Amino acid sequence: MDNRLTTLAASINEGISKLNAYLSECNLPCPSFEPSGSQYDHFNSDAEGIAVGILDATQELHDLVRNPRDLPFDHHFTLIPVHDVITNFGVARKVPLDGDISYADLAAATGVERGALTRLLRYGIVSRIFQEKRPGFVSHSAYTKLWVEDKGTESLNAMIRDDIFPGRNYIADALEKWPGADEPHQTAFQLAEKSSQPTFFHQLAQTPGRAERFANSMSYFSRFENIAEDYPWEDLRSGTLVESGGSQGHTAFKIAEKHPALKIVVQDMPEVIAFAKTKEGRQVSFMEHDFFKEQPVKGADAYMIRWCLHAWSDKYAARILQALLPAMKEGTKVLVVEAVTPPFGSIPHTLQCRLCEYDTSMLMLGSAK
Ligand SMILES: C[S@@+](CC[C@H](N)C(=O)[O-])C[C@H]1O[C@@H](n2cnc3c(N)ncnc32)[C@H](O)[C@@H]1O
């Protein structure tokens with residue numbers, strides 16, 4: 001099958017043949033990641049041109065093969081100004097889903113000065129955020145379409161900007177101040193926020209809307225898995241499932257839809273339950289509960305903790321699990337849904353990069369791993 005993927009692969013092959021010919025003509029070794037491994041300083045302008053062609057084609061191939069949902073994780077820090085403008089001025093909703101709009105009309109519709117809007121969106125376009133298929137006109141890309149269709153996209157980008165990014169500038173300060181910290185208040189996030197709250201989650205709860213935005217961005221992540229089908233929920237029959245730290249129930253509702261006999265209780269902090277409770281329905285109910293305290297719903301058939309343990313250091317993660325023990329009956333299941341971290345370098349590079357990114361974020365936000 002001939003398509004853009006095969007065209008790009010062929011152009012990479014052709015570029016590599018030319019680059020290899022150049023290397024052997026100049027008696028240069030193959031580039032490597034060793035300190036002495038880069039041959040770039042020896043390249044003449046022809047070789048540089050060949051290298052740029054290979055980089056362009058490999059980048060496009062990479063971007064085509066990647067799930068567009070992963071784009072913010074590849075680029076989020078460098079592209080914060082672009083995401084910021086799209087979010088704050090509602091740019092994505094002003095671009096038609098079919099067709100395109102001129103920069104002039106988009107500037108008028110969003111209220112952003114045309115010159116700045118054009119420059120910022122073009123910075124996004126080179127990273128597949130929107131497209132400019134004819135000069136001067138903006139159309140959606142696979143990624144920006146998500147901004148219109150999935151509320152979580154906007155929340156995720158704002159959360160990365162406001163909740164995760166600022167801690168980056170304080171990681172060294174935090175390591176200096178609290179070497180080897182395993183407390184959730186001894187973090188880069190706390191320094192960035194000048195927070196006196198005991199945890200990241202308590203700090204979010206101080207600002208109206210912030211915990212809700214965090215919960216919406218968690219629902220963006222939940223699209224990556226198919227939890228309602230990936231576990232034999234039917235084994236629990238018409239039993240009770242308690243989800244601790246279940247946010248606004250985005251996982252619970254997915255399970256409930258496919259397994260209507262199950263009763264599901266979603267627990268979280270009061271500030272989260274306050275907005276989550278309005279969604280109560282089906283067989284899903286909400287309940288305030290601090291997961292460090294003894295589990296109040298006794299004798300459930302299963303207790304699930306999804307994507308919570310990783311936000312705590314080991315001693316706190318153990319306490320969250322221990323708090324379930326007094327409530328368990330014979331045969332109760334404890335379901336932990338988590339990303340695991342296999343030995344460094346043992347998984348595909350793309351996944352390793354993302355895992356390192358998450359791991360660093362957990363260190364910054366909660367002295368966690
Ligand atoms: C990373 S989010 C995961 C949310 C959800 N389980 C999911 O999979 O998307 C962690 C959740 O733990 C909740 N949480 C934090 N501290 C808590 C506590 N002490 N008791 C109960 N929930 C807590 C947060 O409010 C948040 O909803």
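1. In S3, serine 139 is the bridge partner of glutamine 131. Strands here are DSSP runs (E, at least two residues), and helices are DSSP runs (H or I, at least four residues), numbered from the N terminus. This is a predicted model: local features need pLDDT of at least 70, side-chain atom pairs count only at pLDDT 80 or more, and totals for chains, interfaces and linings use all residues. Residues are numbered from 1 along each chain as its sequence is written.

2. S2 and S3 (residues 137–139) run antiparallel and are joined by two bridges; strands pair if DSSP finds at least two bridges between them. The open sheet has three strands in the order S1-S3-S2, with antiparallel pairing. S1 (101–102) and S2 (131–134) are the edge strands, each with a single partner strand, so one side of each lacks a neighbour in the sheet.

3. Helix H4 (residues 80–88) packs against helix H9 (residues 151–164) at about 130 degrees, with the axes 10 Å apart. Axes are lines fitted to C-alpha atoms over the stretch in contact, and angles run from 0 to 180 degrees between N-to-C directions. H4 is therefore oblique to H9 (under 35 degrees is roughly parallel, over 145 roughly antiparallel, 65 to 115 roughly perpendicular, the rest oblique).

4. Ile80, His83, Asp84 and Thr87 of H4 meet Glu154, Asn157, Ala158 and Arg161 of H9 (C-beta atoms, placed from the backbone, within 7 Å).

5. Around the ligand there are 17 residues, of which Met218, Gly245, Ser247, Arg306 and Trp307 come nearest (C-beta atom, placed from the backbone, within 6 Å).

Conventions: Two residues are in contact if their C-beta atoms, placed from the backbone, lie within 7 Å.
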